[in-house]
Amino acid sequence: MVSRHHAVKHALRLREAAQLENYHKFFRLYRETPNLGACIIDLMLDTWRFKALQRMVKCYKPSISVDFVTEELGFDSIEECLEF
């Protein structure tokens with residue numbers, strides 16, 4: 001049975017992105033999380049950001065812009081990204 005509830009569909013897409021380690025999709029879906037789902041994701045967010053940042057640094061050597069990292073990792077501001 002396929003769920004028709006928007007929040008359940010979103011949670012399944014988020015789980016799939018996490019399982020496939022698709023960080024771009026994961027953080028895009030994180031920004032769109034309905035209801036209080038973001039509170040649950042916040043518990044593991046730093047771990048996912050660290051893993052994604054490691055992969056991004058490796059892929060985009062020798063340089064990567066802070067603006068790009070801020071956007072891709074779902075930060076609200078550059079200052080928040082730099083603090084991380």
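**Entry 1: buried residues of α4.** I looked up which residues of helix α4 are buried in this predicted model. I found L45, W48, R49, A52 and M56. I then checked where they sit around the axis: they cover an arc of only 95 degrees, so they are on the same side of α4.

Entry 2: What do the buried residues of α4 pack against? I list α1 (6–19), α2 (23–31), α3 (37–42), α5 (66–72) and α6.

**Entry 3: length of α4.** I took α4 as residues 45–59, which is 15 residues. From first C-alpha to last, α4 reaches 21 Å, close to the 21 Å expected at 1.5 Å a residue.

**Entry 4: C81.** I moved on to helix α6, where C81 lies. Is C81 buried or exposed? C81 has a relative accessible area of 10%, and because buried means under 20%, I log C81 as buried. Leaving out residues up to four places away in sequence, I find that C81 touches V69, T70 and F75. I also looked up the separation of C81 and R28: they are 53 residues apart in sequence, and their C-alpha atoms are 16 Å apart in space.

**Entry 5: L82 and the surface.** L82 is also in helix α6, which I have as residues 78–83. I log L82 as exposed because its relative accessibility is 59%, and exposed means over 50%. On the surface, L82 forms a nonpolar patch with V66 and I78. I note about 240 Å² of accessible area for V66, I78 and L82 together.

Key:
Residues numbered from 1 in each chain as written. Predicted model: local features only at pLDDT ≥ 70, side-chain atom pairs only at ≥ 80, totals over all residues. Heavy atoms only, no water. Patch = residues over 30% accessible without salt bridge, like charges linked within 9 Å, V, L, I, M, F, W, Y side chains within 5 Å. Areas by Shrake-Rupley, 256 points an atom, 1.4 Å probe, with all protein chains shown as cover. Salt bridge = Lys/Arg side-chain N within 4 Å of Asp/Glu carboxyl O. Helix = DSSP H or I, 4+ residues; strand = E, 2+ residues; numbered from the N terminus. Buried < 20%, exposed > 50% of the residue type's maximum accessible area, 1.4 Å probe, protein only. Expected span 1.5 Å × (residues − 1). Arc of directions from axis to C-beta. Contact = heavy atoms within 4.5 Å.
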